[in-house]
Amino acid sequence: MECPHVNEAVKLDLEKLKLINVSQWTCEDCRSRKSPWMCLTCARIHCGRYVNAHALSHYKKEPSHCVCLDQSTAVFCYQCDEFVINDTPSRHVERLRQLIADRQERNQRRRMAIKSEEEPARKKLAGVNGEQTRDVVKCNRVGLRNLGNTCFMNSVLQSLSNIKEFTVYFMRMPSFERCREKGGGHGYHTRQKGPHENIETCSSLVEEVRKCVCALCNEGASPHSPDTLFAVVWRVVPRFRGYQQQDAHEFLRYLLDKLHSELLEYAKRSDSSRQTIVSGIFGGQLRSEVNCLRCEFLSIKHDPILDLSLDIPQKCVNMRPGKGRPQCHIQDCLASFVQKEELEETEFYQCTQCHSRQKSTKKLWMTSLPPVLCLHLKRFRFTNMFRTKIDIHVQFPITGLDMSPFLFATEDTQQDGYQNCYDLAAVIVHHGSGVSSGHYTAYACSQVAGTWFHFNDSTVSEVTTEQVASCKAYILFYVRRQSPANLDNTGDELIDIES
């Protein structure tokens with residue numbers, strides 16, 4: 001939000017702050033290093049409200065000291081009780097962020113220099129030939145701060161950042177130059193967007209996602225605050241403004257759609273058929289067959305998809321849990337999705353042969369499977385003007401999900417068995433009874449070590465595959481097994497952002 005207290009509350013002497021090491025921030029009262037915040041009036045360090053709330057106590061003692069900044073450079077106003085996105089006319093906050101970034105960059109270069117000196121010895125001890133090592137992305141173990149019912153966004157970001165192809169693309173992407181606005185605030189500009197444009201038009205969702213992915217892959221870092229990303233989301237998708245709970249699947253779809261269109265714009269491609277990282281790894285194709293029951297005319301249509309939204313079959317909803325009793329499986333949901341159905345009267349097909357609306361049947365097939373298969377379970381239903389949740393456990397495989405039974409058979413789809421088999425990469429879980437309430441968390445797997453982690457906002461903990469398998473999944477991300485011949489070809493056809 002635009003905070004009216006920034007101009008009066010931010011009174012730091014930046015020259016005295018050049019030697020401050022953010023990683024060493026410690027609460028002056030309890031000596032805790034968890035969630036430290038610096039007062040932007042007096043530069044004193046205190047812990048956040050979810051530790052011992054000494055920063056809040058400092059504000060209550062000194063009401064004019066209401067604006068503070070944390071290690072991730074997020075700014076918060078206690079008087080407004082919200083995160084702040086504007087700056088002073090003299091750009092105090094922006095200059096402070098730059099000082100912190102410069103210090104962190106120097107520390108990072110120092111660590112990299114030490115690591116490069118130790119690397120030959122490490123490889124020798126491990127018996128690894130340097131020419132055979134591969135550039136891989138380690139599993140993200142960094143949490144995300146909850147900005148106020150933003151767990152829906154955090155769970156999606158954690159899932160995406162643990163999909164190797166997605167993460168590698170954004171980590172290799174060049175940073176866009178920052179643009180400045182006279183009245184405070186900040187945005188970004190590229191070759192197509194100049195600094196003269198205001199913050200409403202030059203905010204870049206791609207850039208903020210890139211920065212967030214890089215922050216989450218910074219091993220050993222403190223929880224990241226995605227406040228600037230959330231501020232951009234507010235601008236590009238107004239329906240997510242505010243701090244009420246939102247649906248994680250709706251946010252995922254909006255996020256992917258906006259990333260796709262923005263990447264096309266940056267690459268100077270108006271042709272939406274061109275691939276981006278979004279369509280390249282999530283994009284598949286669905287075949288729809290509608291058969292007129294009067295003249296037997298068959299209408300065939302192919303549609304691009306980014307995910308599959310699956311109904312939980314009513315027979316599974318009616319199942320009573322218990323040992324020895326049948327349980328619902330993700331294969332049941334997929335089978336129900338592709339099952340032939342007779343359309344309701346309100347959905348009668350406009351037959352081009354009969355020139356009228358006729359009774360008809362509809363059947364769906366997958367004709368092209370994506371590298372990353374996203375399955376959304378429809379757990380929320382409207383009944384009698386209320387939205388209820390189907391809170392049953394749906395079994396799903398950790399490894400070896402075979403999509404062959406749901407694929408339209410052609411010579412291309414039958415060539416390579418690897419192309420139809422998937423392994424689980426991440427899961428989003430909704431805890432609670434309603435879509436407008438409850439809490440979202442995510443499970444994600446390191447594709448390098450095979451270790452699973454549970455992401456609950458700023459808390460990250462290692463878990464077992466049994467714990468993952470027992471969760472009540474809402475969104476599942478499966479990564480296709482690649483044949484040995486195709487392991488090095490991922491992303492070759494994607495748009496180059498610099499082209």
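The chain contains 13 helices and 23 strands. The model is a predicted one. Of the 499 residues in the chain, 49% are buried. Among the contacts in the chain with a separation of 6 or more, 66% are made by residues 24 or more positions apart.

- Five strands form an open sheet in the order β2-β1-β3-β4-β5, and their pairing is antiparallel.
- At the edges of this sheet are β2 (45–47) and β5 (82–84), each of which pairs on one side only.
- From one strand to the next, the twist averages 40°.
- Within the sheet, strand β1 (residues 36–39) is joined to β2 by three bridges in the antiparallel sense.
- Met38 has Ile45 in β2 as its bridge partner.
- Helix α2 (residues 54–61) lies across β1 and β2, and its direction makes an angle of about 120° with β2.

**Strand β8 and its two partners**

- Strand β8 (residues 284–292) pairs with strand β9 (residues 298–305) in the antiparallel sense, over eight bridges.
- Two bridge partners in β9 can be named: His302 is the partner of Arg287, and Lys301 is the partner of Ser288.
- Strand β8 also pairs with strand β14 (residues 360–368), again in the antiparallel sense and over eight bridges.
- On the β14 side, Lys362 stands opposite Val290.
- Strand β8 is mostly covered, with eight of its nine residues buried.

**The packing of α4 against α9**

- Helix α4 (residues 151–161) and helix α9 (residues 248–266) have axes that come within 9 Å and cross at roughly 55°.
- The two helices, α4 and α9, are therefore oblique to each other.
- The crossing of α4 and α9 is right-handed.
- From α4, the residues in contact are Phe152, Met153, Ser155, Val156, Leu157 and Leu160; from α9, they are Ala248, Phe251, Leu252 and Leu255.
- By class, this contact of α4 with α9 comprises nine nonpolar residues, one polar residue and no charged residues.

**The packing of α7 against α8**

- Helix α7 and helix α8 (residues 227–236) pack at an angle of about 155°, and their axes are 9 Å apart.
- The pair α7 and α8 is therefore roughly antiparallel, since an angle over 145 degrees counts as such.
- The crossing of α7 and α8 is left-handed.
- Leu205, Glu208, Val209, Lys211 and Cys212 in α7 are in contact with Thr228, Leu229, Val232, Val233 and Val236 in α8.
- The residues of this contact of α7 with α8 are divided by class into seven nonpolar, one polar and two charged.

- In helix α5 (residues 164–172), the buried residues are Glu165, Phe166, Thr167, Val168, Tyr169 and Phe170.
- Several elements cover the buried residues of α5, including the helices α4, α7 (205–216), α9 and α10 (277–282).
- Strand β23 (473–480) is also among the elements that cover the buried residues of α5.

- Most residues other than glycine have a negative phi.
- Arg31 is not a glycine, yet its phi is positive, at about 65°.
- This residue, Arg31, is found in the loop between α1 (6–9) and β1.
- Arg31 is exposed, with a relative accessible area of 58%.
- Arg91 likewise has a positive phi, of about 60°, although it is not a glycine.
- The location of Arg91 is the loop between β5 and α3 (92–126).
- Arg91 counts as buried, because its relative accessibility is 12% and the cut-off for buried is under 20%.

Technical notes:
Residues are numbered from 1 along each chain as its sequence is written. This is a predicted model: local features need pLDDT of at least 70, side-chain atom pairs count only at pLDDT 80 or more; totals for chains, interfaces and linings use all residues. Side-chain values use heavy atoms; hydrogens and water are left out. Axes are lines fitted to C-alpha atoms, for helices over the stretch in contact, and angles run from 0 to 180 degrees between N-to-C directions. Helices (H or I, at least four residues) and strands (E, at least two) are DSSP runs, numbered from the N terminus. Angles under 35 degrees count as roughly parallel, over 145 as roughly antiparallel, 65 to 115 as roughly perpendicular and the rest as oblique. A crossing is left-handed if the near helix is turned anticlockwise from the far one by less than a right angle, and right-handed if clockwise. Contact means heavy atoms within 4.5 Å. Ala, Val, Leu, Ile, Met, Phe, Trp, Tyr, Cys and Pro count as nonpolar, Asp, Glu, Lys and Arg as charged, and the others, Gly among them, as polar. Two strands pair if DSSP finds at least two bridges between them. Buried means under 20% relative accessible area, exposed over 50%, partly exposed in between (1.4 Å probe, protein chains only).
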